[in-house]
There are 2 protein chains.
Amino acid sequence: MNDTANQSTDAATGIVTAAIIVIGDEILSGRTKDKNIGYIAEHCTNIGIQVKEVRVVPDDEDIIVGAVNELRARFTYVFTTGGIGPTHDDITADCIAKAFGVSIDVDQRALDLMMPAYKARGVEITPARLRMARIPDGADLVENSISTAPGFMLDNVITMAGIPNIMQVMLDAVTPRLRKGRMMHSQSIDLDHPEGGIADMLKEHQALYPDVAMGSYPTMRGNRPCTQLVLRSIDASELQEAYDGLMNKLQNQSLIA
Amino acid sequence: MNDTANQSTDAATGIVTAAIIVIGDEILSGRTKDKNIGYIAEHCTNIGIQVKEVRVVPDDEDIIVGAVNELRARFTYVFTTGGIGPTHDDITADCIAKAFGVSIDVDQRALDLMMPAYKARGVEITPARLRMARIPDGADLVENSISTAPGFMLDNVITMAGIPNIMQVMLDAVTPRLRKGRMMHSQSIDLDHPEGGIADMLKEHQALYPDVAMGSYPTMRGNRPCTQLVLRSIDASELQEAYDGLMNKLQNQSLIA
(Lines give C-alpha, C1' and ligand atoms only; values in the text may rest on other atoms or scores of the structure.)
Protein backbone atom coordinates (compact mmCIF):
# COMPACT_ATOMS: atom_id res chain seq x y z
CA MET A 1 0.00 0.00 0.00
CA ASN A 2 1.59 3.25 -1.05
CA ASP A 3 -1.18 5.46 0.33
CA THR A 4 -0.89 4.77 4.00
CA ALA A 5 0.10 8.38 4.64
CA ASN A 6 -1.02 9.50 8.05
CA GLN A 7 -0.79 12.92 9.57
CA SER A 8 2.77 12.55 10.83
CA THR A 9 4.23 11.38 7.51
CA ASP A 10 2.26 14.07 5.68
CA ALA A 11 4.31 16.70 7.45
CA ALA A 12 7.48 15.24 5.94
CA THR A 13 6.24 14.78 2.36
CA GLY A 14 3.89 17.72 2.01
CA ILE A 15 1.28 15.28 0.72
CA VAL A 16 -2.22 15.65 2.17
CA THR A 17 -4.66 12.81 1.49
CA ALA A 18 -8.36 12.17 1.96
CA ALA A 19 -11.04 9.52 1.67
CA ILE A 20 -14.74 10.06 1.02
CA ILE A 21 -17.49 7.94 2.62
CA VAL A 22 -20.89 8.28 0.95
CA ILE A 23 -23.55 7.00 3.35
CA GLY A 24 -26.96 5.88 2.18
CA ASP A 25 -29.07 2.95 1.01
CA GLU A 26 -30.57 5.17 -1.68
CA ILE A 27 -27.21 5.45 -3.46
CA LEU A 28 -26.59 1.69 -3.30
CA SER A 29 -30.05 0.93 -4.67
CA GLY A 30 -29.45 3.27 -7.59
CA ARG A 31 -32.57 5.28 -6.75
CA THR A 32 -30.46 8.38 -6.11
CA LYS A 33 -27.43 9.03 -8.31
CA ASP A 34 -24.51 10.38 -6.32
CA LYS A 35 -23.35 13.86 -7.27
CA ASN A 36 -20.99 14.45 -4.35
CA ILE A 37 -18.02 12.17 -5.11
CA GLY A 38 -16.95 14.01 -8.25
CA TYR A 39 -17.54 17.42 -6.68
CA ILE A 40 -15.53 16.72 -3.52
CA ALA A 41 -12.76 15.01 -5.53
CA GLU A 42 -12.38 17.98 -7.87
CA HIS A 43 -12.52 20.46 -4.97
CA CYS A 44 -9.82 18.54 -3.09
CA THR A 45 -7.57 18.35 -6.16
CA ASN A 46 -7.90 22.11 -6.57
CA ILE A 47 -6.73 22.79 -3.00
CA GLY A 48 -3.88 20.28 -2.91
CA ILE A 49 -5.61 17.36 -1.19
CA GLN A 50 -5.34 13.97 -2.92
CA VAL A 51 -8.44 11.79 -2.65
CA LYS A 52 -7.16 8.22 -2.38
CA GLU A 53 -10.30 6.17 -1.81
CA VAL A 54 -14.08 6.46 -1.89
CA ARG A 55 -16.58 4.12 -0.28
CA VAL A 56 -20.34 4.02 -0.59
CA VAL A 57 -21.85 2.22 2.41
CA PRO A 58 -25.38 1.44 3.59
CA ASP A 59 -27.27 2.95 6.55
CA ASP A 60 -25.76 0.34 8.87
CA GLU A 61 -24.02 1.35 12.10
CA ASP A 62 -21.36 -1.37 12.20
CA ILE A 63 -20.36 -0.82 8.59
CA ILE A 64 -20.21 2.98 8.91
CA VAL A 65 -18.20 2.84 12.14
CA GLY A 66 -15.81 0.31 10.60
CA ALA A 67 -15.25 2.38 7.47
CA VAL A 68 -14.71 5.60 9.46
CA ASN A 69 -12.17 4.00 11.77
CA GLU A 70 -10.27 2.27 8.98
CA LEU A 71 -10.07 5.31 6.74
CA ARG A 72 -9.38 7.99 9.36
CA ALA A 73 -6.28 6.03 10.37
CA ARG A 74 -5.03 5.81 6.78
CA PHE A 75 -5.66 9.29 5.41
CA THR A 76 -5.20 12.89 6.51
CA TYR A 77 -8.92 13.62 6.23
CA VAL A 78 -12.16 11.69 5.83
CA PHE A 79 -15.21 13.41 4.35
CA THR A 80 -18.60 11.82 4.92
CA THR A 81 -21.82 12.75 3.11
CA GLY A 82 -25.37 11.80 4.02
CA GLY A 83 -27.34 10.62 7.01
CA ILE A 84 -27.42 13.79 9.16
CA GLY A 85 -31.08 14.71 8.73
CA PRO A 86 -33.94 14.43 11.25
CA THR A 87 -35.32 10.97 10.44
CA HIS A 88 -34.67 7.58 12.06
CA ASP A 89 -32.49 6.47 9.13
CA ASP A 90 -30.09 9.38 9.73
CA ILE A 91 -27.50 7.67 11.91
CA THR A 92 -24.22 9.23 10.77
CA ALA A 93 -23.65 11.57 13.76
CA ASP A 94 -24.19 8.71 16.21
CA CYS A 95 -21.86 6.49 14.17
CA ILE A 96 -19.09 9.11 14.23
CA ALA A 97 -19.47 9.46 18.01
CA LYS A 98 -19.26 5.69 18.35
CA ALA A 99 -16.22 5.48 16.05
CA PHE A 100 -14.38 7.97 18.26
CA GLY A 101 -15.76 6.59 21.52
CA VAL A 102 -17.21 9.95 22.56
CA SER A 103 -20.67 10.93 23.77
CA ILE A 104 -23.23 12.74 21.65
CA ASP A 105 -26.07 15.04 22.64
CA VAL A 106 -28.04 18.07 21.52
CA ASP A 107 -25.45 20.84 21.17
CA GLN A 108 -26.26 24.41 22.25
CA ARG A 109 -24.05 25.90 19.52
CA ALA A 110 -26.01 23.97 16.89
CA LEU A 111 -29.33 25.08 18.43
CA ASP A 112 -28.14 28.68 18.33
CA LEU A 113 -27.56 28.33 14.60
CA MET A 114 -30.87 26.60 13.91
CA MET A 115 -33.39 28.31 16.19
CA PRO A 116 -33.57 31.80 14.66
CA ALA A 117 -34.52 30.44 11.25
CA TYR A 118 -37.02 27.98 12.73
CA LYS A 119 -38.65 30.73 14.80
CA ALA A 120 -38.76 33.11 11.83
CA ARG A 121 -40.51 30.44 9.72
CA GLY A 122 -42.80 29.39 12.57
CA VAL A 123 -41.48 25.83 12.41
CA GLU A 124 -42.27 23.65 15.41
CA ILE A 125 -39.26 22.28 17.31
CA THR A 126 -40.01 18.55 17.27
CA PRO A 127 -37.79 15.85 18.83
CA ALA A 128 -36.88 14.92 15.25
CA ARG A 129 -35.66 18.42 14.46
CA LEU A 130 -33.68 18.50 17.71
CA ARG A 131 -31.97 15.36 16.41
CA MET A 132 -30.23 17.51 13.80
CA ALA A 133 -28.56 19.45 16.65
CA ARG A 134 -26.95 16.28 18.04
CA ILE A 135 -23.17 16.74 17.72
CA PRO A 136 -20.43 14.38 18.97
CA ASP A 137 -18.55 15.70 21.99
CA GLY A 138 -15.46 17.64 20.96
CA ALA A 139 -16.50 18.37 17.39
CA ASP A 140 -16.36 21.79 15.73
CA LEU A 141 -19.44 22.83 13.78
CA VAL A 142 -19.42 23.25 10.00
CA GLU A 143 -21.86 25.97 9.02
CA ASN A 144 -24.78 25.39 6.65
CA SER A 145 -25.81 28.69 5.10
CA ILE A 146 -28.77 27.11 3.30
CA SER A 147 -30.83 25.27 5.91
CA THR A 148 -28.86 26.08 9.12
CA ALA A 149 -28.56 22.53 10.59
CA PRO A 150 -24.76 22.21 10.72
CA GLY A 151 -22.27 19.54 9.80
CA PHE A 152 -19.24 19.02 12.02
CA MET A 153 -15.55 18.21 12.09
CA LEU A 154 -14.20 15.85 14.74
CA ASP A 155 -10.44 15.39 14.65
CA ASN A 156 -9.78 14.57 10.96
CA VAL A 157 -13.34 13.52 10.03
CA ILE A 158 -15.64 16.04 8.33
CA THR A 159 -19.34 15.11 8.36
CA MET A 160 -21.55 16.82 5.79
CA ALA A 161 -25.09 16.63 4.42
CA GLY A 162 -26.00 14.46 1.46
CA ILE A 163 -28.06 17.03 -0.46
CA PRO A 164 -25.53 18.35 -2.98
CA ASN A 165 -26.09 22.09 -2.60
CA ILE A 166 -25.96 21.84 1.21
CA MET A 167 -22.88 19.60 1.05
CA GLN A 168 -21.23 22.20 -1.17
CA VAL A 169 -21.71 25.13 1.23
CA MET A 170 -20.44 22.94 4.09
CA LEU A 171 -17.36 22.02 2.05
CA ASP A 172 -16.73 25.72 1.42
CA ALA A 173 -17.21 26.44 5.13
CA VAL A 174 -14.68 23.83 6.27
CA THR A 175 -12.07 24.42 3.56
CA PRO A 176 -10.24 27.28 5.34
CA ARG A 177 -9.67 24.93 8.30
CA LEU A 178 -8.04 22.17 6.22
CA ARG A 179 -4.32 21.75 5.78
CA LYS A 180 -3.44 21.97 2.11
CA GLY A 181 -0.72 19.85 0.59
CA ARG A 182 1.50 20.22 -2.42
CA MET A 183 -0.61 20.93 -5.47
CA MET A 184 -0.94 18.20 -8.03
CA HIS A 185 -0.24 19.88 -11.38
CA SER A 186 -1.59 18.41 -14.57
CA GLN A 187 -1.38 18.82 -18.32
CA SER A 188 -3.60 17.08 -20.82
CA ILE A 189 -3.36 16.30 -24.52
CA ASP A 190 -6.37 15.47 -26.70
CA LEU A 191 -5.62 13.02 -29.47
CA ASP A 192 -7.80 12.28 -32.45
CA HIS A 193 -6.69 8.62 -32.42
CA PRO A 194 -7.50 5.50 -30.39
CA GLU A 195 -5.15 4.84 -27.48
CA GLY A 196 -4.00 1.49 -28.87
CA GLY A 197 -1.77 3.25 -31.39
CA ILE A 198 0.19 5.27 -28.82
CA ALA A 199 0.25 2.85 -25.90
CA ASP A 200 3.72 1.41 -26.51
CA MET A 201 5.31 4.83 -26.94
CA LEU A 202 3.50 6.15 -23.87
CA LYS A 203 4.70 3.23 -21.78
CA GLU A 204 8.32 4.01 -22.74
CA HIS A 205 7.81 7.69 -21.99
CA GLN A 206 6.29 6.85 -18.59
CA ALA A 207 9.41 4.83 -17.76
CA LEU A 208 11.56 7.95 -18.35
CA TYR A 209 9.53 10.01 -15.85
CA PRO A 210 8.51 7.77 -12.94
CA ASP A 211 7.40 10.76 -10.83
CA VAL A 212 4.96 11.98 -13.47
CA ALA A 213 1.79 9.87 -13.55
CA MET A 214 0.69 9.40 -17.15
CA GLY A 215 -2.90 8.36 -17.69
CA SER A 216 -4.54 7.47 -20.98
CA TYR A 217 -8.32 7.83 -21.18
CA PRO A 218 -10.26 6.52 -24.16
CA THR A 219 -13.29 8.50 -25.23
CA MET A 220 -15.69 8.38 -28.14
CA ARG A 221 -16.34 11.42 -30.37
CA GLY A 222 -19.44 10.30 -32.20
CA ASN A 223 -18.32 6.90 -33.50
CA ARG A 224 -14.61 7.70 -33.49
CA PRO A 225 -12.44 6.39 -30.65
CA CYS A 226 -10.23 9.20 -29.34
CA THR A 227 -7.85 9.56 -26.41
CA GLN A 228 -7.06 12.06 -23.72
CA LEU A 229 -3.60 11.81 -22.17
CA VAL A 230 -3.22 13.33 -18.71
CA LEU A 231 0.16 13.93 -17.07
CA ARG A 232 0.17 14.72 -13.34
CA SER A 233 2.94 15.55 -10.89
CA ILE A 234 3.57 17.62 -7.79
CA ASP A 235 6.82 18.73 -9.50
CA ALA A 236 5.79 21.40 -12.02
CA SER A 237 9.12 21.58 -13.86
CA GLU A 238 9.42 17.82 -14.28
CA LEU A 239 5.81 17.78 -15.48
CA GLN A 240 6.60 20.41 -18.09
CA GLU A 241 9.66 18.47 -19.29
CA ALA A 242 7.65 15.24 -19.57
CA TYR A 243 4.85 17.07 -21.38
CA ASP A 244 7.21 18.76 -23.87
CA GLY A 245 8.95 15.46 -24.57
CA LEU A 246 5.69 13.67 -25.16
CA MET A 247 4.39 16.41 -27.46
CA ASN A 248 7.61 16.11 -29.50
CA LYS A 249 7.16 12.37 -29.91
CA LEU A 250 3.52 12.76 -30.90
CA GLN A 251 4.41 15.44 -33.45
CA ASN A 252 7.24 13.31 -34.87
CA GLN A 253 4.73 10.52 -35.44
CA SER A 254 2.21 12.98 -36.92
CA LEU A 255 -0.28 12.03 -34.22
CA ILE A 256 -0.87 15.65 -33.29
CA ALA A 257 -0.46 18.92 -35.18
CA MET B 1 -21.79 -6.58 9.99
CA ASN B 2 -25.10 -7.76 8.62
CA ASP B 3 -23.98 -7.99 5.01
CA THR B 4 -21.43 -10.76 5.21
CA ALA B 5 -23.58 -12.96 3.00
CA ASN B 6 -21.47 -15.31 0.94
CA GLN B 7 -22.56 -17.68 -1.74
CA SER B 8 -23.47 -20.50 0.61
CA THR B 9 -25.70 -18.44 2.87
CA ASP B 10 -27.31 -16.79 -0.15
CA ALA B 11 -28.78 -20.14 -1.13
CA ALA B 12 -30.65 -20.28 2.17
CA THR B 13 -31.96 -16.70 2.24
CA GLY B 14 -32.53 -16.07 -1.44
CA ILE B 15 -30.56 -12.84 -1.06
CA VAL B 16 -27.93 -12.14 -3.71
CA THR B 17 -25.45 -9.35 -2.98
CA ALA B 18 -22.79 -7.45 -4.88
CA ALA B 19 -20.03 -4.88 -4.51
CA ILE B 20 -18.72 -2.51 -7.16
CA ILE B 21 -15.06 -1.52 -7.47
CA VAL B 22 -14.43 1.53 -9.65
CA ILE B 23 -10.77 1.59 -10.66
CA GLY B 24 -9.03 4.74 -11.80
CA ASP B 25 -6.98 7.75 -10.72
CA GLU B 26 -9.09 9.94 -13.02
CA ILE B 27 -12.21 9.34 -10.90
CA LEU B 28 -10.36 10.09 -7.64
CA SER B 29 -8.90 13.31 -9.06
CA GLY B 30 -12.38 14.46 -10.09
CA ARG B 31 -11.25 14.88 -13.71
CA THR B 32 -13.73 12.22 -14.84
CA LYS B 33 -17.11 12.02 -13.14
CA ASP B 34 -18.21 8.42 -12.61
CA LYS B 35 -21.37 7.37 -14.41
CA ASN B 36 -21.13 3.64 -13.76
CA ILE B 37 -21.97 3.32 -10.05
CA GLY B 38 -25.56 4.53 -10.36
CA TYR B 39 -26.12 2.56 -13.56
CA ILE B 40 -24.85 -0.75 -12.16
CA ALA B 41 -26.68 -0.20 -8.86
CA GLU B 42 -30.00 0.42 -10.59
CA HIS B 43 -29.48 -2.53 -12.95
CA CYS B 44 -28.70 -4.84 -10.02
CA THR B 45 -31.74 -3.67 -8.06
CA ASN B 46 -33.91 -4.39 -11.10
CA ILE B 47 -32.68 -8.00 -11.35
CA GLY B 48 -32.80 -8.83 -7.64
CA ILE B 49 -29.15 -8.25 -6.72
CA GLN B 50 -28.50 -5.98 -3.73
CA VAL B 51 -25.43 -3.74 -4.04
CA LYS B 52 -23.98 -3.51 -0.53
CA GLU B 53 -20.78 -1.55 -1.01
CA VAL B 54 -18.93 0.53 -3.60
CA ARG B 55 -15.26 1.44 -3.60
CA VAL B 56 -13.35 3.79 -5.83
CA VAL B 57 -9.64 2.91 -5.81
CA PRO B 58 -6.53 4.23 -7.59
CA ASP B 59 -4.49 2.51 -10.32
CA ASP B 60 -2.42 0.75 -7.67
CA GLU B 61 -1.89 -3.00 -7.76
CA ASP B 62 -1.76 -3.67 -4.02
CA ILE B 63 -4.88 -1.65 -3.34
CA ILE B 64 -6.86 -3.21 -6.21
CA VAL B 65 -5.85 -6.76 -5.25
CA GLY B 66 -6.72 -6.07 -1.61
CA ALA B 67 -10.15 -4.67 -2.45
CA VAL B 68 -10.97 -7.53 -4.83
CA ASN B 69 -10.01 -10.19 -2.30
CA GLU B 70 -11.85 -8.53 0.59
CA LEU B 71 -15.05 -7.93 -1.32
CA ARG B 72 -15.25 -11.20 -3.29
CA ALA B 73 -15.22 -13.04 0.03
CA ARG B 74 -18.03 -10.90 1.46
CA PHE B 75 -20.50 -10.67 -1.43
CA THR B 76 -22.04 -12.92 -4.04
CA TYR B 77 -20.60 -10.87 -6.90
CA VAL B 78 -18.02 -8.15 -7.40
CA PHE B 79 -18.24 -5.89 -10.46
CA THR B 80 -15.14 -3.93 -11.45
CA THR B 81 -15.05 -1.06 -13.95
CA GLY B 82 -12.03 0.53 -15.58
CA GLY B 83 -8.41 -0.30 -16.30
CA ILE B 84 -8.75 -2.92 -19.05
CA GLY B 85 -7.54 -0.87 -22.01
CA PRO B 86 -4.23 -1.12 -23.91
CA THR B 87 -2.06 1.38 -22.01
CA HIS B 88 0.47 0.89 -19.21
CA ASP B 89 -1.96 2.28 -16.62
CA ASP B 90 -4.51 -0.44 -17.43
CA ILE B 91 -3.60 -2.99 -14.78
CA THR B 92 -6.96 -4.44 -13.77
CA ALA B 93 -6.68 -7.81 -15.58
CA ASP B 94 -3.26 -8.46 -14.05
CA CYS B 95 -4.61 -7.46 -10.61
CA ILE B 96 -7.53 -9.89 -10.89
CA ALA B 97 -5.12 -12.71 -11.88
CA LYS B 98 -2.94 -11.84 -8.89
CA ALA B 99 -5.93 -11.69 -6.54
CA PHE B 100 -6.92 -15.23 -7.57
CA GLY B 101 -3.34 -16.50 -7.80
CA VAL B 102 -3.76 -17.60 -11.43
CA SER B 103 -1.65 -16.92 -14.51
CA ILE B 104 -2.59 -14.47 -17.23
CA ASP B 105 -1.69 -14.41 -20.91
CA VAL B 106 -3.01 -13.45 -24.32
CA ASP B 107 -6.16 -15.51 -24.79
CA GLN B 108 -7.01 -17.06 -28.16
CA ARG B 109 -10.77 -16.67 -27.55
CA ALA B 110 -10.28 -12.94 -26.99
CA LEU B 111 -8.13 -12.63 -30.12
CA ASP B 112 -10.82 -14.41 -32.11
CA LEU B 113 -13.31 -11.75 -31.00
CA MET B 114 -10.98 -8.82 -31.67
CA MET B 115 -9.10 -9.73 -34.87
CA PRO B 116 -11.89 -9.61 -37.46
CA ALA B 117 -12.77 -6.01 -36.56
CA TYR B 118 -9.11 -4.95 -36.45
CA LYS B 119 -8.44 -6.55 -39.85
CA ALA B 120 -11.55 -4.99 -41.34
CA ARG B 121 -10.45 -1.55 -40.14
CA GLY B 122 -6.82 -2.11 -41.14
CA VAL B 123 -5.69 -1.52 -37.56
CA GLU B 124 -2.16 -2.68 -36.76
CA ILE B 125 -1.86 -5.36 -34.06
CA THR B 126 0.59 -3.70 -31.67
CA PRO B 127 1.84 -5.24 -28.43
CA ALA B 128 -0.39 -2.71 -26.66
CA ARG B 129 -3.50 -3.93 -28.48
CA LEU B 130 -2.55 -7.55 -27.71
CA ARG B 131 -2.58 -6.46 -24.06
CA MET B 132 -6.36 -6.14 -24.28
CA ALA B 133 -6.55 -9.87 -25.08
CA ARG B 134 -4.81 -10.81 -21.81
CA ILE B 135 -7.33 -12.79 -19.76
CA PRO B 136 -6.72 -14.49 -16.39
CA ASP B 137 -6.58 -18.29 -16.61
CA GLY B 138 -9.98 -19.86 -16.01
CA ALA B 139 -12.07 -16.76 -16.76
CA ASP B 140 -15.08 -16.68 -19.08
CA LEU B 141 -15.20 -13.83 -21.55
CA VAL B 142 -17.83 -11.08 -21.38
CA GLU B 143 -18.61 -9.86 -24.87
CA ASN B 144 -18.20 -6.24 -25.96
CA SER B 145 -20.44 -5.54 -28.94
CA ILE B 146 -19.08 -2.01 -29.34
CA SER B 147 -15.30 -2.28 -29.57
CA THR B 148 -14.79 -6.10 -29.38
CA ALA B 149 -12.08 -6.23 -26.66
CA PRO B 150 -13.88 -8.33 -24.03
CA GLY B 151 -14.35 -8.15 -20.30
CA PHE B 152 -14.30 -11.34 -18.28
CA MET B 153 -15.84 -13.18 -15.35
CA LEU B 154 -13.59 -15.20 -13.04
CA ASP B 155 -15.44 -17.07 -10.31
CA ASN B 156 -17.68 -14.33 -8.79
CA VAL B 157 -15.74 -11.31 -10.10
CA ILE B 158 -16.95 -9.55 -13.27
CA THR B 159 -14.40 -7.22 -14.88
CA MET B 160 -15.76 -4.58 -17.24
CA ALA B 161 -14.58 -1.51 -19.15
CA GLY B 162 -14.75 1.98 -17.67
CA ILE B 163 -16.25 3.75 -20.70
CA PRO B 164 -19.96 3.84 -19.79
CA ASN B 165 -21.48 2.63 -23.06
CA ILE B 166 -19.02 -0.26 -23.27
CA MET B 167 -19.55 -1.13 -19.60
CA GLN B 168 -23.30 -1.18 -20.26
CA VAL B 169 -23.14 -3.71 -23.12
CA MET B 170 -20.82 -5.89 -21.03
CA LEU B 171 -23.28 -5.73 -18.12
CA ASP B 172 -26.07 -6.80 -20.47
CA ALA B 173 -23.88 -9.61 -21.79
CA VAL B 174 -23.09 -11.03 -18.36
CA THR B 175 -26.55 -10.59 -16.82
CA PRO B 176 -28.00 -13.90 -18.08
CA ARG B 177 -25.15 -15.73 -16.31
CA LEU B 178 -25.83 -14.13 -12.90
CA ARG B 179 -27.88 -15.73 -10.18
CA LYS B 180 -30.81 -13.46 -9.31
CA GLY B 181 -32.08 -13.11 -5.79
CA ARG B 182 -35.38 -12.14 -4.29
CA MET B 183 -36.56 -8.87 -5.77
CA MET B 184 -36.48 -5.83 -3.56
CA HIS B 185 -39.90 -4.19 -3.96
CA SER B 186 -40.34 -0.52 -3.28
CA GLN B 187 -43.05 2.12 -2.98
CA SER B 188 -42.44 5.83 -2.72
CA ILE B 189 -44.47 8.78 -1.48
CA ASP B 190 -43.74 12.38 -2.46
CA LEU B 191 -44.51 14.90 0.24
CA ASP B 192 -44.81 18.62 -0.17
CA HIS B 193 -43.36 19.16 3.32
CA PRO B 194 -39.91 19.07 4.94
CA GLU B 195 -39.00 15.76 6.55
CA GLY B 196 -38.62 17.27 10.03
CA GLY B 197 -42.42 17.40 10.41
CA ILE B 198 -42.99 13.69 9.76
CA ALA B 199 -39.84 12.20 11.27
CA ASP B 200 -41.32 11.22 14.64
CA MET B 201 -44.37 9.56 13.08
CA LEU B 202 -42.18 7.78 10.52
CA LYS B 203 -39.91 6.46 13.25
CA GLU B 204 -42.91 4.95 15.06
CA HIS B 205 -44.20 3.47 11.82
CA GLN B 206 -40.79 1.96 11.06
CA ALA B 207 -40.84 0.25 14.47
CA LEU B 208 -44.12 -1.49 13.49
CA TYR B 209 -42.57 -2.95 10.31
CA PRO B 210 -38.95 -3.89 11.03
CA ASP B 211 -38.67 -5.87 7.76
CA VAL B 212 -39.68 -2.89 5.63
CA ALA B 213 -36.82 -0.40 5.26
CA MET B 214 -38.23 3.13 5.39
CA GLY B 215 -36.02 5.88 4.01
CA SER B 216 -36.70 9.59 4.08
CA TYR B 217 -34.96 11.71 1.45
CA PRO B 218 -35.07 15.50 1.63
CA THR B 219 -35.17 17.34 -1.67
CA MET B 220 -35.63 20.94 -2.73
CA ARG B 221 -38.35 22.03 -5.17
CA GLY B 222 -37.19 25.49 -6.03
CA ASN B 223 -36.74 27.00 -2.57
CA ARG B 224 -39.19 24.67 -0.83
CA PRO B 225 -37.88 21.73 1.18
CA CYS B 226 -39.81 18.58 0.25
CA THR B 227 -39.46 14.91 1.10
CA GLN B 228 -39.58 11.59 -0.66
CA LEU B 229 -40.36 8.58 1.50
CA VAL B 230 -39.25 5.21 0.14
CA LEU B 231 -40.39 1.90 1.58
CA ARG B 232 -38.49 -1.23 0.51
CA SER B 233 -38.92 -4.91 1.28
CA ILE B 234 -38.47 -8.32 -0.30
CA ASP B 235 -41.94 -9.16 1.11
CA ALA B 236 -44.44 -7.52 -1.26
CA SER B 237 -47.51 -8.00 0.93
CA GLU B 238 -45.86 -6.64 4.05
CA LEU B 239 -44.61 -3.71 1.98
CA GLN B 240 -48.15 -2.99 0.81
CA GLU B 241 -49.50 -3.11 4.36
CA ALA B 242 -46.78 -0.75 5.61
CA TYR B 243 -47.40 1.60 2.69
CA ASP B 244 -51.19 1.67 3.21
CA GLY B 245 -50.76 2.30 6.92
CA LEU B 246 -48.34 5.14 6.31
CA MET B 247 -50.61 6.74 3.70
CA ASN B 248 -53.48 6.62 6.22
CA LYS B 249 -51.41 8.39 8.85
CA LEU B 250 -50.26 11.04 6.39
CA GLN B 251 -53.83 11.64 5.24
CA ASN B 252 -55.09 11.86 8.83
CA GLN B 253 -52.54 14.58 9.47
CA SER B 254 -53.45 16.30 6.19
CA LEU B 255 -49.87 15.91 4.99
CA ILE B 256 -50.98 14.36 1.72
CA ALA B 257 -54.20 14.51 -0.29
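In this predicted model, the contact between the two chains draws 54 residues from chain B and 55 residues from chain A. The size of an interface is often given as the accessible area lost when the parts come together. Here, the area buried between chain B and chain A is about 4,800 Å², with carbon and sulfur atoms giving 57% of that area.

**Polar and charged pairs across the interface**

Between chain B and chain A, 16 residue pairs are in polar contact, both residues being at pLDDT 80 or more. Two salt bridges are counted between these chains. Side chains of opposite charge can pair when their charged atoms come close. One salt bridge joins Lys33(A) to Glu42(B), with 2.6 Å between the closest N and O atoms.

**Elements on the chain B side**

Several elements of chain B each give two or more residues to the side that touches chain A; among them are helix H3 (36-46), helix H4 (61-74), helix H9 (199-208), strand E10 (213-221) and strand E11 (224-233). Strand E2 (49-57) of chain B also belongs to this group, and E2(B) gives the most, with six residues. By residue class, the side of chain B that touches chain A divides into 21 nonpolar, 15 polar and 18 charged residues.

**Strand E2 in both chains**

Strand E2 (residues 50-57) of chain A pairs with E2(B) in the antiparallel sense, over three bridges. Within this region, Arg55(A) stands opposite Arg55(B) in E2(B).

**Salt bridges**

Over all chains, a search of the whole structure finds 22 salt bridges. One of them lies within chain A, between Arg74(A) and Glu53(A). This pair links distant parts of the chain, with Arg74(A) in helix H4 (residues 61-74) and Glu53(A) in strand E2, 21 residues apart. The table sets out the two named salt bridges.

| Lys or Arg residue | Asp or Glu residue | Closest N and O atoms |
|---|---|---|
| Lys33(A) | Glu42(B) | 2.6 Å |
| Arg74(A) | Glu53(A) | 3.2 Å |

**Domains of chain A**

The domain assignment divides chain A into domain 1 (7-177) and domain 2 (185-252). Taken over C-alpha atoms, the centres of domain 1 of chain A and domain 2 of chain A are separated by 36 Å.

Technical notes:
Residues numbered from 1 in each chain as written. Chains lettered and ligands numbered in written order. Predicted model: local features only at pLDDT ≥ 70, side-chain atom pairs only at ≥ 80, totals over all residues. Heavy atoms only, no water. Domains from an automatic or database assignment. Contact = heavy atoms within 4.5 Å. Buried area = accessible area lost by both parts, 1.4 Å probe. Salt bridge = Lys/Arg side-chain N within 4 Å of Asp/Glu carboxyl O. Polar contact = N/O pair within 3.5 Å; in protein donor to acceptor, adjacent residues only side chain to side chain. Helix = DSSP H or I, 4+ residues; strand = E, 2+ residues; numbered from the N terminus. Nonpolar A, V, L, I, M, F, W, Y, C, P; charged D, E, K, R; others polar. Pairing = 2+ DSSP bridges.
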